[in-house]
Amino acid sequence: MAIPRWARFSIRTAMVAILIAAACFASYRMGVNRGREIGPIVPTSISATSIYSRDYDVSDIVKSERDAKLVIAAIRESVDADNWDVAGGYAELHYDPKSNVLAVSHVWPGHVELVRYLQSVREFARFGRSLDETLSDTSSNF
């Protein structure tokens, strides 16, 4: 009995299909990681007065508890300083050492400012200087 022409395929065809599937999965994973670096997903309805909670992955910046304290202090001094809870405001910032994530509750403009600040920290960190110097440079140029 002959195999129908449409049912015939070769190992090469199967390998190409597997390669395409692997490329799709890898692209998806890279996109997810890039999205975490960039910042929060924009809600469907944005209000300048509503408080939104978002997590920010800072594993590339924070390597120890000391680093976390430095970053949190720099954020509270540079990003919308008057509105953090330690200054009597409504915005909250907590660090989870297990997942290297900053959990932030803030109004949307505060989140946008925080994303810009973290991006600046990452850009200054590329120069290979210490975290203290990187945060100092970022804060003075932000």
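Biologist: Which residue just after α2 takes a positive phi?
Modeller: That is Asp-80, with a phi of about 50°. Keep in mind that this is a predicted model.

Biologist: Which residues of α2 are buried?
Modeller: Asp-67, Ala-68, Val-71, Ile-72, Ala-74, Ile-75 and Ser-78. Viewed down the axis of α2, they fall within an arc of 165°, so they line one face of the helix.

Biologist: And which exposed residues sit on the face turned away?
Modeller: Lys-69 and Glu-77 are carried on that face of α2.

Biologist: What covers the buried residues of α2?
Modeller: The cover includes β2, β3, α3 and α4. α2 itself lies across β2 and β3. Its direction is at about 165° to β2.

Biologist: Let's do the α2 and α4 pair. At what angle do they pack?
Modeller: At about 10°, with 11 Å between the axes. An angle under 35 degrees counts as roughly parallel, and α2 and α4 are therefore roughly parallel to each other.

Biologist: Which residues meet there?
Modeller: From α2, the set is Arg-66, Asp-67, Leu-70, Val-71, Ala-74 and Ser-78. They meet Leu-131, Asp-132, Leu-135 and Ser-139 in α4.

Biologist: Which residues are buried in α4 itself?
Modeller: α4 covers residues 131–141, and Leu-131, Thr-134, Leu-135, Asp-137 and Thr-138 are buried. Down the axis of α4 they fall within an arc of 160°, so they line one face of the helix. These buried residues pack against α2 (65–78) and α3 (108–125).

Biologist: What does Asp-137 touch?
Modeller: Phe-124 and Arg-129, leaving out residues up to four places away in sequence.

Biologist: Quick one on α3. How far does it reach?
Modeller: α3 reaches 26 Å from its first C-alpha to its last, over 18 residues. That is close to the 26 Å expected at 1.5 Å a residue.

Biologist: Which residues of α3 are buried?
Modeller: The set is Trp-108, Gly-110, His-111, Leu-114, Val-115, Tyr-117, Leu-118, Ser-120, Val-121 and Arg-122.

Biologist: New topic, the sheet. What is the strand order?
Modeller: β1-β3-β2, in an open sheet of three strands with antiparallel pairing. The edge strands are β1 (51–57) and β2 (92–96), each pairing on one side only. Neighbouring strands are turned by 20° against each other on average, direction ignored.

Biologist: How many bridges join β1 to β3?
Modeller: Seven, with the two strands running antiparallel. β3 covers residues 101–107. Asp-55 stands opposite Ala-103 in β3, and Tyr-52 stands opposite His-106 in β3.

Biologist: Over how many bridges do β2 and β3 pair?
Modeller: Five, again in the antiparallel sense. Glu-92 stands opposite Ser-105 in β3.

Biologist: How many residues of β3 are buried?
Modeller: Six of its seven, so β3 is largely enclosed by the rest of the structure.

Biologist: Last one, Ile-51. Where does it lie, and how exposed is it?
Modeller: Ile-51 lies in strand β1. Its relative accessible area is 45%, so it is partly exposed.

Biologist: What does Ile-51 touch?
Modeller: Tyr-90, Ser-105, His-106 and Val-107, leaving out residues up to four places away in sequence.

Biologist: And how far apart are Ile-51 and Gly-110?
Modeller: In sequence, 59 residues. In space, Ile-51 and Gly-110 are 9.4 Å apart, C-alpha to C-alpha.

Notes:
Residues numbered from 1 in each chain as written. Predicted model: local features only at pLDDT ≥ 70, side-chain atom pairs only at ≥ 80, totals over all residues. Heavy atoms only, no water. Buried < 20%, exposed > 50% of the residue type's maximum accessible area, 1.4 Å probe, protein only. Helix = DSSP H or I, 4+ residues; strand = E, 2+ residues; numbered from the N terminus. Arc of directions from axis to C-beta. Contact = heavy atoms within 4.5 Å. Expected span 1.5 Å × (residues − 1). Pairing = 2+ DSSP bridges. Axes fitted to C-alpha atoms, helices over the stretch in contact; angles between N-to-C directions. Parallel < 35°, antiparallel > 145°, perpendicular 65-115°, else oblique.
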